[in-house]
Amino acid sequence: MDRHPQYLTPEGMKKLEEELAHLQNARRPEVAAKITEAHDSGGVEENAEYEEAKNELALLEARISEIENVLERAVVADKSMVEKGVIGFGSSVDVRDRTKRKRQYQIVGSAEVAPLDGKISIESPVGKALVGHRVGDVVEVETPSGVNKLTVTRVR
């Protein structure tokens, strides 16, 4: 099992704690009730509803275990440790690419990654490239499609 620290923003920590509580206190009893109902209505042999409910419980328990593992290793980002105006863990960053298209990113840990929401991992190529830079810096990022140049326009 991975024992490396799992870096989280305070918001990410809260979100995972809320998800865990929901899964344990609401979803687990719901799925357990489905299993009982399916068992009582048709036994266990060749009962598709029973098998489906058991599979749902297995997926639920895997997610609970995954979240518990992340929370056990969680290190919450402290923005006060990053110099003001310098991109670091937890920073929100506005950049402009060479086509002048603007993008917003928040540098987060791997457990919080949500690319469609602009949350990128500090371990990703873009995240690694941006860390330590300031407004006005031009950052070169090696991507599968080639080198991309990003100009940092705002750090918060």
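**Salt bridges and exposure in a predicted model**

Reader: What is the relative accessible area of Arg-134?
Author: The model is predicted, so local features need pLDDT of at least 70 and side-chain atom pairs 80 or more, while totals for chains, interfaces and linings use all residues. Residues are numbered from 1 along each chain, and side-chain values use heavy atoms, without hydrogens or water. For Arg-134, the value that places this residue in the partly exposed class is 36%.

Reader: Which residue forms a salt bridge with Arg-134?
Author: A salt bridge is a side-chain nitrogen of Lys or Arg within 4 Å of a carboxyl oxygen of Asp or Glu, and for Arg-134 the closest N and O atoms of the pair are 2.6 Å apart. Arg-134 lies in the loop between α3 and β6, whereas its partner lies in the loop between β2 and β3, so the pair ties together parts that are 51 residues apart in sequence. The partner is exposed, because its relative accessible area is 51%, and its name is Glu-83.

Reader: In which helix do Arg-63 and Glu-66 lie?
Author: The side chains of Arg-63 and Glu-66 meet in a salt bridge, with N and O 3.3 Å apart. Arg-63 is partly exposed at 27%, and Glu-66 is also partly exposed, at 45%. The two residues are 3 apart, which is about one turn of the helix. Helices are DSSP runs (H or I, at least four residues) and strands are E runs of at least two, numbered from the N terminus; the helix holding both residues is α2.

Reader: Is Asp-97 buried or exposed?
Author: Asp-97 forms a salt bridge with Arg-101, the closest N and O atoms being 3.5 Å apart. Arg-101 is partly exposed, since its relative accessibility is 47%. Asp-97, by contrast, has a relative accessible area of 7%, and therefore counts as buried.

Reader: How many salt bridges does a search of the whole structure find?
Author: The pairs discussed here include Arg-63 with Glu-66 and Arg-134 with Glu-83. When the whole structure is searched, the number of salt bridges found is 12.

How values were computed: Buried < 20%, exposed > 50% of the residue type's maximum accessible area, 1.4 Å probe, protein only.
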